[in-house]
Amino acid sequence: MIDVYRALFVGQIQAASQYRVQSVLWMLFSVIRPVIFLAAWVAVANAQGGRVASYDVRDFAAYYVALSLVSNLATSWNAYDFEFEVRMGRLSPKLLRPLHPIHYAVVENIVWKMTTIIPLLIVLGFVAVTFDARFRATPVHLVLFVPSVILGGSLAFLGGWVIATSAFWTTRVHAVSTLWDRAVFIFAGQIAPLALLPGALQTIALVLPFGYMRGVPAEILQGAVDVPTAMLLIAVQAIWVAIFYALLQVVWRVGVRQYTGVGA
Amino acid sequence: MGEPIIDVRDLRKTFRVTERQEGLAATLRSFVRRQRRDVNAVAGITFRIEAGEVVGFLGPNGAGKTTTLKVLSGLLYPTAGEAHVLGFVPWRRENAYLQQMTLLMGNRTQLVWDIPAADSFRVLQEIYGVPDESFRRTVGELTELLELQDLVHKPVRNLSLGERMKVEFAAGLIQSPRVAFLDEPTIGLDVSMQSRIRRFVAEYNRRTGATILLTSHYMDDVVALCRRVIVIHHGHLLYDGPLADLAERMAPYKIITATLRDGAAATIDLAAYGTVTGRDEGRVTLKVDRQGAPERAARLVNELGENLADISVEDPPIEEVIDRVFSEERVGTAT
Ligand SMILES: Nc1ncnc2c1ncn2[C@@H]1O[C@H](COP(=O)(O)OP(=O)(O)OP(=O)(O)O)[C@@H](O)[C@H]1O
Ligand SMILES: [Mg+2]
């Protein structure tokens, strides 16, 4: 399996190198939104004498810088790709190879993140300095951030695949995945740090999986939660990953049967 | 005869298609009760193929050829019936089966467009777990046979259709499959590329002993490659036997071509010998009953004497036979 991954990586890195410029532009584009939200919250905080609940201007800056980083590392666009593959019949040859099609997507995903991480860090460093971000993270937070962002990325990836498999049943995957993306937008911590969401909304956000994709790792990196809370949140992330992994097994098996049953 | 490599029994595949109707009322109605229709793409076919055979799988558009190949390669679940390929049930898609089989479709691509084929080959090598040495040997052979030297290092999307098809062939054979399903492998290629692919398939079969089931609408492919053909129509098996006997069983006539000396053509009435189907200067083609053909030819030679410059008796062209088969319903099978 390691050899398979090595070969897939080599191929994908080559393919991706032809789209380096596009990838970086995409990445820059994806940073714009959090920066707009950051600017908005800074304006709100300043109007209220410098803070909103427990967050001051510099906390917001740290949060949104962390969130941008996490969003990039935990983004997943499988549903769109997958729908395309199903529609164009490109999934069929993959199904006839002794390798689960998800592995190609894993590699694609990781390679995309590798090609964009360095320019992303530079841009975020620049944003952090401009807004004078204050990170409260201790070394322990930084260590905990690693599993947290990996779990967040895995959760987003697996969730994306569960949504993508709807392509086996419907041609309207776009509607389904748009709905999913909206939910991510609202509940994953983009609009506001989860801690600042009003009561009911915060409870919902903590029950749903979306916050565990992005908001949680961002808060850990920022140092907004204490270490025991961080460990608890990571445990919940792991549970969500396990749930989505199991869910994917089931929908994939049923879905492929459906796909190959009706005509591939 | 040993165990057949491909063993198909009463295989059926029915597609259930939803009929979409125009108009709002019909659309609303379709939410309540959908208009369903069954398409019997494969309606119960049975055949066996032995190791090393190259069999032509013929039939008009929509006959069920691609559907059958998809079932046999494991991409589709059949509605009923049984199939074993290399002893495996294809649609279980066990890795041990996938490793020994390939499905190549002339109008589909499985290569990554953005990278050179050589790199795709490497990925496939790892996926199929081909040891380095056999990988090098296989790629070497394929490169030689298909003349790929200059092609494998260019990104696939920069290749012409024919070049890409050659590279697709190589990609589909990296695992050295024992069974190959080829669905219209020469579609859209120019004549010389078609014959190049044809020679390759023949040579590949000779070298590796792989069993090949191939569909094509180009009779030249079939004539060049297949001693045996299976003909299906509307999902039913029409004929299974030697290509050489197809004409005999399916077309009960022969073609006599008589070339007459200058001027004679105008004066002699050849309609008495058979149905005149063509006339070109002194050359006349006659369609005659298969059984009666030798006797007619003899009479022509006797009665025309000096006026006859040349004469030949042949089976009708294979295209014509096939066309005749397709325009009829079930004829029965030869076994
Ligand atoms: N996925 C599908 N859903 C519904 N009907 C299908 C599907 N695939 C094929 N069919 C139908 O099944 C029949 C057989 O199709 P198939 O593709 O096997 O024909 P074929 O012999 O390969 O024809 P061709 O020579 O045109 O390639 C056709 O009537 C086709 O419309
Ligand atoms: Mg076909």
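The model is predicted.

**The site of ligand 1**

Ligand 1 is surrounded by 16 residues. B:Gly62, B:Lys65, B:Thr66, B:Thr67 and B:His217 are the closest of them. The site is shared between chains, because residues from both chain A and chain B surround ligand 1.

Which elements of chain B supply at least two residues each to the shell? They are strand 1 (6-18), strand 2 (36-49) and helix 2 (65-73). Helix 2 of chain B gives the largest share, 3 residues. By type, the shell around ligand 1 holds 7 nonpolar, 7 polar and 2 charged residues.

| Residue | Atom of the residue | Distance to an oxygen atom of ligand 1 |
|---|---|---|
| B:Gly62 | polar backbone atom | 2.7 Å |
| B:Ala63 | backbone N or O atom | 3.1 Å |
| B:Thr67 | polar side-chain atom | 2.6 Å |

How much of ligand 1 does the protein cover? On its own, ligand 1 has 630 Å² of accessible area, and the protein covers 66% of that.

**A helix pair in chain A**

Two packed helices are described by the angle between their axes and by the distance between those axes. In chain A, helix 7 spans residues 139-164 and helix 8 spans residues 173-187. They pack at an angle of about 150 degrees. Their axes are 9 Å apart. Angles over 145 degrees count as roughly antiparallel, so helix 7 of chain A is roughly antiparallel to helix 8 of chain A. Is the crossing of these two helices left-handed or right-handed? The crossing of helix 7 and helix 8 of chain A is right-handed.

Definitions and conventions
Residues are numbered from 1 along each chain as its sequence is written. Chains are lettered from A and ligands numbered from 1 in the order in which they are written. This is a predicted model: local features need pLDDT of at least 70, side-chain atom pairs count only at pLDDT 80 or more; totals for chains, interfaces and linings use all residues. Side-chain values use heavy atoms; hydrogens and water are left out. A residue is near a molecule or strand if one of its heavy atoms lies within 4 Å of it. A polar contact is a pair of N or O atoms within 3.5 Å; within protein, one must be able to donate a hydrogen and the other to accept it, and residues adjacent in sequence count only if both atoms are side-chain atoms. Accessible areas come from the Shrake-Rupley method with a 1.4 Å probe; for residues, only the protein chains shown count as cover. Helices (H or I, at least four residues) and strands (E, at least two) are DSSP runs, numbered from the N terminus. Ala, Val, Leu, Ile, Met, Phe, Trp, Tyr, Cys and Pro count as nonpolar, Asp, Glu, Lys and Arg as charged, and the others, Gly among them, as polar. Axes are lines fitted to C-alpha atoms, for helices over the stretch in contact, and angles run from 0 to 180 degrees between N-to-C directions. Angles under 35 degrees count as roughly parallel, over 145 as roughly antiparallel, 65 to 115 as roughly perpendicular and the rest as oblique. A crossing is left-handed if the near helix is turned anticlockwise from the far one by less than a right angle, and right-handed if clockwise.
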